[in-house]
Amino acid sequence: MNFFTRITLGAAMMAAAVTMNAQNRQDLLWMAGDALSYGWDLDKATALVATPDNARVYTGTIHLEADKDFKFLTTYDFGNPEIHPVAPNATPDADGKVALMADGDDNKIHVTETANYLITVDTEAMEATIVKSEYQATAIPFCALFMVGSTFESSYSCDEGHILYQDQTHPYVFAVKNQPMLTGTFKINWAIKGAGTWNKDYWYFRDSDDATKMVLAADGDNQWEVTAAGDYDVTADILSNTISIATSQAGVESIETDTEAGETVYYNLQGVRLSAPAEGEIVIRVAAGKATKMIF
């Protein structure tokens, strides 16, 4: 059987219109309220993430409880600028729209049906769009994941954690492409403020027996290792607790191979099939009709 795949490069840097005080993050807009699984506990607060095509727009999918309040925060601490609905006790209109204002009265928003919602906040138009997500199979607990470690210039600074972006179609999948990484190790957290306490409950760790698996709140501080500096594609799935880490460097643009169904084979970057790849070698892995560039 003939399988074909193409490896592409891509990255985006984002900034936002709202000035962030704490952490000086301009790409995140936090949420808090009884409608969320963590309520008003900002240690556990998730954040909407600025979109690549418009830095003034933040988006994310999250589970909301009906008839319970929430609002948007520009930091993960109270007492800093917030974003509220113009009307008290606001609900989205027929199109999911809610008019917003900066600070003002401490008005809040609520939805009338418990569900996962795709939320978009436009800080230029000062308008939120809150509509039910197409995905409702499981409750989505947060809108982003954050990587920290010696693989980054920011090292283990939780406030400077590197974002794994939520997939809107499959909101339990979080990924980044073409992420520059140094030789070293990293781990993943789901809430920036809580992660800064180093409580293991806020962290995903590498499974001690399988580097393609994530373990939440594990003992041992096991981390993923990057053995060669470069640009990487990282994808984490919080339903299957799996993670994929593959190089996205320029090199082999595409590979065409012949393999039997169910067979896994490896090629070097020159397209030569390998009988036994060396540990740490950059290879093309072909399995189940998909080719992936990765470190063996």
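**Salt bridges around K71**

Reply: In this predicted model, D106 and K71 form a salt bridge, with their closest N and O atoms 2.9 Å apart. D106 sits in the loop between β7 (97-102) and β8 (115-122), while K71 belongs to strand β5, so this pair ties together parts that are 35 residues apart in sequence. The two partners can be set side by side by their accessibility. D106 counts as partly exposed, at 44% relative accessibility. K71 has a relative accessible area of 5%, and because buried means under 20%, K71 is buried.

K71 also meets the side chain of E82 in a salt bridge, at 2.9 Å from N to O. This pair links distant parts of the chain, 11 residues apart: K71 is in strand β5 (residues 71-73) and E82 in strand β6 (residues 82-85). E82 is buried as well, with a relative accessible area of 10%.

Another salt bridge pairs K200 with D219, whose closest N and O atoms are 2.5 Å apart. K200 lies in the loop between α1 (192-195) and β14 (203-206), and D219 in the loop between β15 (214-216) and β16 (224-226), so parts 19 residues apart in sequence are tied together. K200 is partly exposed at 33% relative accessibility, and D219 is exposed, with a relative accessible area of 61%.

Back to K71: salt bridges that share partners join K71, E82, D106 and K108 into one network. Across the whole structure, the search finds nine salt bridges, including the pairs K71 with E82, D106 with K71 and K200 with D219.

Technical notes: Residues numbered from 1 in each chain as written. Predicted model: local features only at pLDDT ≥ 70, side-chain atom pairs only at ≥ 80, totals over all residues. Heavy atoms only, no water. Salt bridge = Lys/Arg side-chain N within 4 Å of Asp/Glu carboxyl O. Helix = DSSP H or I, 4+ residues; strand = E, 2+ residues; numbered from the N terminus. Buried < 20%, exposed > 50% of the residue type's maximum accessible area, 1.4 Å probe, protein only.
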